Amino acid sequence: MTTEELLHFDREHIWHPYTSTIDPLPVYPVERAEGVTITLKDGRKLIDGMSSWWAAVHGYNHPVLNAAAKAQLDKMSHIMFGGFTHEPAVELAAKLLPLLPPSMQKIFFADSGSVAVEVAMKMAIQYWQSQGKQKKYAFATIRSGYHGDTWHAMSVCDPVTGMHGIFSGSLPVQYFIPQPSVRFEEKWDEKAIEPLKDLLEKHAEEIAALILEPVVQGAGGMYFYSPTFLIAARELCDRYQVLLIFDEIATGFGRTGRLFAWEWAGVEPDIMCIGKALTGGYIGHAVTVANHKVFDAFYSDNDRHALMHGPTFMGNALACSAALASIELFETQNYMEKIQKIEAITRREMEGFTDPRIREVRMMGGCVCVEVYDPAVLKGYQEYAYKRGVFSRPFLNYLYAMVPYIIKEEELVQVLQCMKDWFARR
């Protein structure tokens, strides 16, 4: 196919996400990708400013990940996880456990982050059913959160500011409290926990779990809040008998400057979801991890007490092999130091940057977000960045960068300068 033929067929028959079908955002035909560079079919090269939706933290075509995938492919790419197990899955679980909160000991493999959230919510409801608390089937969460695009995951995304408002009439109705009012670096104020306390005082009998993205919200709002909120939330959940679920799909594997965001507060949830960067962006995979308290509620010889969920591609051998290699790269190549350097360069380049159209510039770990007052200000930025050798895709009011951790300083500066130049041009 020529580039023109490819684009024509794509436009006529392929449905792309999060974009109008009448006036869609542009798509660019990719020939190959290596490191942080995406090479298009016409030979143009783009620096990836998004890590393929925050997953390709090692960049592309990494020799270590390639070798792991190829070696596993020679054995088997996949085998169903009902009735079988295999070394990549067992070794991945063994590799993950020391990285997780100490109480997190029971790993359930899923095939995507959204599914991992669905599994976590099913675990929470079934846990309380086993305790004889039949009314506890609702969930609490904070505004501007995002937990995925599958059905119950959508129900705990913000129904007003989120992407799923059209479904609000048919989704399960959940309980929402405001975003924590204390920002990440601000002094803690007990008033910030009052909305959650009030909610649990009134509705704990109906709420199975509180689910949230710890410290950094992702696609729902790119908001950074005080870790102390997690400490207070843990105490309230224990007091009112509500499970605590951390969605670390976006925040995991260093994106906030810690390996996992729970470490900022030292708070351990009852259930935790991990995805995206788990496999280094090579193949979709995720895990839902539970503590003994949750797992023991399923401990029975009655088949009705089993967790009735089994994604076809759970425990996929290729994905597990890639994940193992990805984690080993983190351990052997000091990725946390790379992330600290990314944050330092970002602060050097972006601190003090402002414009009347900008509400706030936020930076933390491996992410930077420019929030504008009016989303119309960002219209056209994707193509603007493309012409300057950068791939970026803003959403709602947010222009952001979450780069691969292997990025060089000059490449990162180019990504950040492109963001600043957009506001300087007019």
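Predicted model: local features only at pLDDT ≥ 70, side-chain atom pairs only at ≥ 80, totals over all residues.
**Exercise 1. Helix α3**

Task: Work out which residues of helix α3 (residues 63–73) are buried, and where they sit around the helix axis.

Solution: 
- Start with the list: Leu65, Asn66, Ala68 and Gln72 are buried in α3.
- Now look around the axis. These four cover an arc of only 165 degrees, so they end up on the same side of α3.
- Finally, check the partners: the buried residues of α3 pack against α4 (87–96) and α10 (317–332).

**Exercise 2. Asn66**

Task: Decide whether Asn66 is buried or exposed, then find what Asn66 touches.

Solution: 
- Asn66 has a relative accessible area of 17%.
- Buried means under 20%, so Asn66 counts as buried.
- Leave out residues up to four places away in sequence, and Asn66 touches Asn61 and Tyr282.

**Exercise 3. The largest cavity**

Task: Describe the largest cavity and the residues of its lining.

Solution: 
- A search of the whole structure turns up 3 cavities of 30 Å³ or more.
- The largest cavity holds about 50 Å³ of space.
- Its lining includes Ile342, Thr346, Cys367, Val368, Leu412 and Leu416.
- Which elements give two or more residues to this lining? They are α11 (335–350), β12 (367–372) and α13 (409–424).
- Sort the lining by type and you get 7 nonpolar residues, 3 polar and no charged.

Terms used. Residues numbered from 1 in each chain as written. Heavy atoms only, no water. 1 Å grid on protein atoms, 1.4 Å probe; cavity = no way out; pocket = protein on both sides within 12 Å on 5 of 7 lines; lining within 4 Å. Points joined across faces, edges and corners; volume = space filled by probe spheres on them. Nonpolar A, V, L, I, M, F, W, Y, C, P; charged D, E, K, R; others polar. Buried < 20%, exposed > 50% of the residue type's maximum accessible area, 1.4 Å probe, protein only. Arc of directions from axis to C-beta. Contact = heavy atoms within 4.5 Å.
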